[in-house]
Amino acid sequence: MALISLSRVTSQYSLFAAFSTLFAITLVMGGCAAPSDTSDTPTDRPVALSVDSVPILICHWGTQRFDICQYATRDERIAALIGEMTLDEKIGQITQSVWHNNVTPDTIRDKGIGSVIHTEGPTPGPSPLDWIAKFNEFQSSALQTRLGIPLLIGVDAVHGQNTFEGAVIFPHNIGMAASRNLALIRRSAQITALEVAGTGFNWTFSPCIAMPKHEHWGRVYEGFSEDRDLTTAATIASVRGHQGEGLWRRETIAATAKHFIGDGATGGGVEGGNAVMTEEEMREEYLPPYIAAVDEGVASIMVGFNSFNGVNMHQHGHLVNEVLKGELGFEGVVLTDWDGGLRWGEPHTIINAGVDIAMQPGNHEEFMSRLKASVLDETVPMSRIDDAVSRILKMKFDLGLFADPFAKSEFADLVGSKSHRDVAQQAVRESLVLLKSANEVLPLRQDEPIAVVGKHAHNSGLQSGGWSIHWQGQTESYRGATTILDGIRSVAPDVEYAEEGCHTDMRARKVVLVVGEEPYAEGFGDSDALSLSDAHKAFLAGCKKLDKQIIVVLISGRALLIQDELDVSDAFIAAWLPGSEGAGVADFLFAVDGFRPTGKLPYAWPKRYEDLPLEADADHALFKFGYGLSDY
């Protein structure tokens, strides 16, 4: 059979059909190394040959019909491609842009951009297949460039495929760490990988392995814990879940550890602020999760907006080049955060500091032209450009994109599936932390009247927080999710929903009062207002005045100041940001199937505002790190 050449096929649909044909046959390829053992190759991906454990199906790439099969190893192929590339093509590989922001498939073909992302803005359509079709269209354009180098297609899937309405959304990392269930963290990452792949992506910018030290920070919920060892263990579980036994396997995607380094330790908890500490403290406290991520083979690491001792991490050559790439031996891709290639000044300051990919939302042409000028005047050595491109190509080869660059449509039907939602529901109930339980108010009985109060109880947007459907989250429910009220009604037949508070005609003695924060993300969540709203305090006071037994369910991305509310409640539950499966809260409240509380605090809980920042084992904490009642 003749070898497949990508230059012979110009239609994305005929090209996709050509790849589909390859799944039904076994190619006999000439000009390549002898076949190696393929016993680890998934049975749904038949190949005749693998090199460096990565299957090879296609030899000829791009309009030039560049033959990668004449080289025996991945590294030889990478070196050959780099030797063939022009400076413009190399800079294209270093550049990343947003697919819907001044970028079209023609842009990919004409500029040779090496990666695109999806973020806030238009979506490809309502179904996973719509998304797959759109990203296959972009991939097809990349394959029609001179060398046909496939695209990396990334997304911020930080607690499930949270950009797709209808996908399963897990509790944010703060809740996952509260569960202390590392197997569950790994399984949730595996499911996320399947749903990310099933919507057309091959890369996620997750996990966030910050160790937040200030409740003021708007990203506390993105970190697993303030504790180094818990964060390290969760990092290992998450990377293993996303990347599996090998990036080239059908069910895996590339993961990203972020944000290197100290993003959760800035003064006052300011997003993008300055983390001041000794290098010894950094190495002892903040580096171990990154060491673990590197040891696990994490594909990429994102540098932070923050500075470290006054030097922005995008420009911190010592920490990126010498520590991360040198001492730790990280061989993957280092990328910027949003607009990182221009936000801090000239691109050469970022690229020379060791960053390999610049995320440029719609301003890619400016970045590319300014970087090219710095290469031509030798401000950026060609060796640095070649190193960056080599790392990018390595990631693409390891993902199997030179064997099959298109989206994995076989996973589309799994997006939002019941089996995935069951795991997320388990994650919810195990993540909840019981802070107080008195007067035998819990567990609730299915045969007693129950009142549920507060709009957070019946709004999946509010219960999910930021990075849920939209960047800043949303204040209305979204498709496929189950609210807390939905879950309670599925267990108990006599439930009254009183969104605006308790009232004199309310029959139920027991009230589930669901209160908490509005959604936010990044710097929009930086705040000194760490108490419940006046309206939510009024709900509690009103129910108490009517002599109700009150179970408070707190929806929040961090510990809030709750001493007064704790004192007057009968039970108090830290529910974090549970995501799409609100039924897990009902499992907890009713002790469904004999469930008993398992969640433990991943952060110390402050008693007073003046106590912030708070050490994990502080005697003056309201609750110390690791607190959580294990029975009702």
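A: Let us begin with burial: in helix H20 the buried residues are Ala583, Gly584, Val585, Ala586, Asp587, Phe588, Leu589 and Phe590, where buried means under 20% relative accessible area, exposed means over 50%, and partly exposed lies in between (1.4 Å probe, protein chains only). Helices (H or I, at least four residues) and strands (E, at least two) are DSSP runs, numbered from the N terminus. The model is a predicted one, in which local features need pLDDT of at least 70 and side-chain atom pairs count only at pLDDT 80 or more, while totals for chains, interfaces and linings use all residues. Residues are numbered from 1 along each chain as its sequence is written, and side-chain values use heavy atoms, with hydrogens and water left out.

Q: What does pLDDT tell me, and what is its mean over the chain?
A: In general, pLDDT is the predictor's confidence in each residue, on a scale from 0 to 100. Here the mean for the chain is 92, and 91% of the residues reach 70 or more. Over residues 1-49, however, the pLDDT is below 50, although this stretch has 99 contacts in the model beyond near neighbours in sequence; contact means heavy atoms within 4.5 Å.

Q: How should I read a nonpolar core, and which residues have the most contacts inside the largest one?
A: In soluble globular proteins, nonpolar side chains tend to be buried together. A nonpolar core is a set of buried Ala, Val, Leu, Ile, Met, Phe, Trp, Tyr and Cys residues joined through side-chain atoms within 4.5 Å. The largest one in this model has 76 residues, and those with the most contacts inside it are Leu435, Leu442, Leu589 and Trp605. Apart from it lies another core, of 74 residues, which includes Ile113, Ala157, Ile385 and Ala388.

Q: Is glutamate 222 buried or exposed, and with which side chain does its own side chain make a polar contact?
A: Glutamate 222 counts as buried because its relative accessibility is 3%, and its place is in the loop between strand S8 (203-204) and helix H8 (228-243). A polar contact is a pair of N or O atoms within 3.5 Å; within protein, one must be able to donate a hydrogen and the other to accept it, and residues adjacent in sequence count only if both atoms are side-chain atoms. The side chain of glutamate 222 makes such a contact, at 2.8 Å, with the side chain of arginine 219. Leaving aside neighbours within four places in sequence, glutamate 222 is also in contact with Asn173, Cys208, Lys258 and Trp467. Of these, cysteine 208 is itself buried, with a relative accessible area of 4%.

Q: How do I read a sheet, and in what order do the three strands of the open sheet lie?
A: Strands of a sheet pair through backbone hydrogen bonds, either parallel or antiparallel. Two strands count as paired if DSSP finds at least two bridges between them. In this open sheet the order is S10-S12-S13, and the pairing is mixed. The edge strands, S10 (274-275) and S13 (311-312), each pair on one side only. S10 is joined by two bridges to S12 (residues 307-308), and these strands run parallel; alanine 275 has phenylalanine 308 in S12 as its bridge partner.

Q: How many disulfides does a search of the whole structure find?
A: A disulfide is a pair of cysteine sulfur atoms within 2.5 Å, and the search finds two. In one, the sulfur atoms of cysteine 59 and cysteine 69 are 2.2 Å apart, and the torsion about their S-S bond is about -90°, so this disulfide is left-handed. In the other, the sulfur atoms of cysteine 502 and cysteine 543 are 2.0 Å apart, and with 90° about the S-S bond the link is right-handed. That pair links distant parts of the chain, 41 residues apart, with cysteine 502 in the loop between strand S18 (495-498) and strand S19 (510-516) and cysteine 543 in helix H18 (residues 534-545).
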